[in-house]
Amino acid sequence: MTAPSTFGLSSEARNLHWLLSNLVEEVPGLTSVAVVSSDGLLLLSSDPGRNAERRPDQPTGPRGSAADLATIVSGIGSLTIGAAKLMDYGGVKQTMVAMEDGSLFVMSISDGSLLGAHGSPDCDMNVVAYHMALFVGRAGHVLTPELRSELLESIERGATDTDNGPTPTGPMAIRSVPGRSTEVAK
């Protein structure tokens, strides 16, 4: 899996990237994950390269694009929030859609932000929902307006970045930048 560059990001942003990467890598059957802002903008994705470097045997997410997943998550989130208001049942915690060839999961994070995931047809929906809830518990309190702004800028920079190679992420990510010395992101 390719990961977005975390060089120059705050420790909170790097930690969110790391948590999201771990979510996809550790949960069997999960193919792509996206964090979407309350206004439908993609903030974070496990699939920043738009699946360009996926292995042939690994299924892709919806239409192979993180932006498509973000659009779907935003639409379903908006629809379910509207339905909950009409029925006066309180806020939406999660939405699961089981399809013939996969599953879609949408979970509220904080302040209207959403976590969306696309799973293979054989994924265990309970396991996926559990791990998404763990992610929300770990990430929800740090997803501040300032961090959202930083993540949006990172996505925009990534769209114009010429370095499309895989970039390690995590608590200690070492990145070699052509023409510069090796830098360590902590």
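This is a predicted model: local features need pLDDT of at least 70, side-chain atom pairs count only at pLDDT 80 or more; totals for chains, interfaces and linings use all residues.
Some notes from going through the model:

1. Ground rules. Residues are numbered from 1 along each chain as its sequence is written, and side-chain values use heavy atoms, leaving out hydrogens and water.

2. Layout. The protein chain has four helices and seven strands (DSSP runs numbered from the N terminus; helices are H or I, at least four residues, and strands E, at least two). The pattern along the sequence is α-β-β-α-β-β-β-α-α-β-β. Of its 186 residues, 44% are buried (under 20% relative accessible area, with exposed over 50% and partly exposed in between; 1.4 Å probe, protein chains only).

3. Five strands form an open sheet in the order 2-1-5-4-3, with antiparallel pairing (two strands pair if DSSP finds at least two bridges between them). Strand 2 and strand 3 (94–99) each have a single partner strand, so one side of each lacks a neighbour in the sheet. Strand 1 and strand 5 run antiparallel and are joined by six bridges; Val35 has Leu115 in strand 5 as its bridge partner.

4. The core. The largest nonpolar core has 27 residues (buried Ala, Val, Leu, Ile, Met, Phe, Trp, Tyr and Cys joined through side-chain atoms within 4.5 Å). Helix 1 gives the largest share, six residues. Val35 and Leu115 turn up again here, among the residues that touch the most other members, as does Phe135. Leaving out residues up to four places away in sequence, Phe135 touches residues including Leu16, Val35 and Leu115 (contact means heavy atoms within 4.5 Å).

5. Ser113. This one sits in the loop between strand 4 (102–108) and strand 5 (114–119). Ser113 is buried, at a relative accessible area of 1%. Its side chain makes a polar contact of 3.1 Å with that of Arg148 (N or O atoms within 3.5 Å; within protein, one must be able to donate a hydrogen and the other to accept it, and residues adjacent in sequence count only if both atoms are side-chain atoms). Beyond four places in sequence, Ser113 also has contacts including Val36, Leu43 and Leu143.
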